[in-house]
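Welcome, and please open your viewer. We will go from one selection to the next and say what is there at each stop.

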Amino acid sequence: GDVPNNILKVIDRVETKMVDEIGKVVKAIISWFYKDAVESVDSANLASLDKILDDVSYASNLLLRYNLFLRPSTPSTTTSQTHATLKATYLSLETSLLTSAVNKSIKTSTVIEVQDNVQGPSYCDDVYAVCLKALQRSDDAGVEEEMKTTVKKMYEEGGVVWKAVERNVACFVEEGRQEIKDVDEKAKKSTLDMFASALLDAVDDDIGGAGDVWRYSEEERLTGVLRRVVGVWMCWRGCGGLDLEEEGSAWKKRLEKEIETLVESNVGGEGVDEFESIEKSLPWRILSLTFDRIDFCVKDPETFQKLDSDEIVEKFVVRPVDECRLVQFLTKGHKLGEDEIALMVYRVIARQFAKLFYKSILTTKKVGPWGAMLAQKYLRSVMKALLNDWDCGEMALREEFEKCSEAVFLLGLEKVKDYAMFYKAQGRSVAVLGEDEVRRVLGQREDFDERDL
């Protein structure tokens with residue numbers, strides 16, 4: 001039957017009273033926020049505001065449902081306006097709390113263990129948690145879309161979270177710092193560590209200026225860069241959990257770029273600045289020189305035996321990879337762990353070496369059977385060095401070296417026509433390499449007839 005008018009009047013009065021009281025709170029809080037820009041907001045005040053928002057969200061949802069039940073067809077204009085005011089009030093409070101909580105999370109961020117033996121900045125987890133709660137609570141209050149716009153601004157390129165990563169928040173710790181003169185003296189004494197010095201210049205702009213009297217130790221610098229990469233990965237995953245597709249795409253691109261920069265700074269690559277002295281060159285440069293000076297155009301078994309010796313292979317092929325500081329960090333298994341981000345880094349490292357090896361095959365002088373055997377030995381040696389203790393990266397590494405593996409196989413064929421038999425057995429005309437690439441690789445064999453190609 002009809003609901004008595006006095007029940008509806010009670011609900012209207014409750015709504016009006018609630019909006020008036022909350023309005024007073026909002027004015028006080030907004031004034032407070034604008035005066036001191038959330039820097040002085042302590043945990044107790046944030047917790048109190050969080051409790052208020054729980055109550056407002058619950059009341060807003062409850063009153064809306066009551067009105068829909070009591071006035072299913074013709075809700076009163078007064079009730080609609082009151083509820084709209086209540087939602088606007090809630091949105092102002094939630095936005096203030098979210099802004100404050102995010103800034104406080106970044107300001108008080110520390111290094112945490114994200115997974116087993118994987119370190120990253122704590123604010124990446126904290127910001128995700130407060131944003132997720134704000135979205136869930138705003139859904140109950142009926143303003144989820146409006147709140148999602150605020151959350152997007154937090155994660156968008158140039159937003160507060162993006163800038164926190166740029167500032168290396170909670171990536172480097174005071175315990176890792178040394179005086180500049182101490183670092184320089186150690187660098188002079190050490191000739192075995194060929195690659196760590198390159199990292200000092202690579203990240204100087206991010207964590208210190210020319211006027212600094214302190215520098216981070218080489219190990220702590222690399223540890224800090226790895227924490228930064230983990231932080232970007234955490235933000236990318238956070239965007240997925242918050243359903244921020246566009247922002248997530250931007251973070252993924254940034255993660256790929258961060259990993260490429262990390263690898264290039266510690267492994268090397270085309271276009272990467274190198275030190276003049278061979279002792280301080282990056283491993284990519286060492287291997288490049290190796291393949292330039294010890295090419296695969298071996299003509300006789302005596303030369304092959306010399307270049308194939310374990311001593312030569314160890315010194316010029318395996319050692320540059322083993323002594324790469326980034327490879328050393330990863331093979332210890334306690335910096336990135338056996339997870340998604342570790343696999344991404346492994347892939348980029350493998351890709352750098354694979355590109356170098358494949359290029360060396362295509363740019364070397366014409367090779368014969370002895371040179372083909374040497375190329376196979378060197379490829380196995382590079383891959384074995386990279387696979388050392390990398391249980392989680394073996395499949396990724398083999399995939400990245402697939403073109404190289406096929407190229408050295410083609411170089412080892414006895415006759416050109418054997419190529420067709422091999423691919424026929426595979427059930428396809430070509431495998432990894434395209435037809436032009438196959439022709440170019442086979443063209444590197446000095447004893448293959450051009451007409452057969």
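Start by selecting Asp-243 and Lys-148, which form a salt bridge with their closest N and O atoms 3.4 Å apart. The term salt bridge here means a side-chain nitrogen of Lys or Arg within 4 Å of a carboxyl oxygen of Asp or Glu. Asp-243 lies in the loop between α9 (218-241) and α10 (245-266) and Lys-148 in helix α5 (residues 144-155), so the pair ties together parts that are 95 residues apart in sequence. Helices (H or I, at least four residues) and strands (E, at least two) are DSSP runs, numbered from the N terminus.

Before the next stop, a word on the model. It is a predicted one, in which local features need pLDDT of at least 70 and side-chain atom pairs count only at pLDDT 80 or more, while totals for chains, interfaces and linings use all residues. Residues are numbered from 1 along each chain as its sequence is written, and side-chain values use heavy atoms, with hydrogens and water left out.

Stay with the first pair and show the surface. Buried means under 20% relative accessible area, exposed over 50%, and partly exposed in between (1.4 Å probe, protein chains only).

Now look at the backbone of Asp-243: its phi is positive, about 60°, although Asp-243 is not a glycine. Most residues other than glycine have a negative phi. For another such residue, select Ala-170, where phi is near 60°. Ala-170 sits in the loop between α6 (160-166) and β3 (177-179), and Ala-170 is buried, with a relative accessible area of 15%.

Next, select Glu-400 and Arg-347. Their side chains meet in a salt bridge of 2.9 Å, N to O. Glu-400 belongs to helix α17 (residues 394-400) and Arg-347 to helix α15 (residues 340-363), so this pair ties together parts that are 53 residues apart in sequence. Glu-400 counts as buried at 17% relative accessibility, and Arg-347 as partly exposed at 27%.

Move on to Arg-451 and Asp-449, a salt bridge with its closest N and O atoms 3.0 Å apart. Arg-451 is exposed at 74% relative accessibility, while Asp-449 is partly exposed at 28%.

Buried residues in α13 include Ile-312, Val-317 and Pro-320.

Finally, zoom out to the whole chain. It holds 20 helices and 4 strands, and buried residues make up 47% of its 453 residues. A search of the whole structure finds 15 salt bridges.
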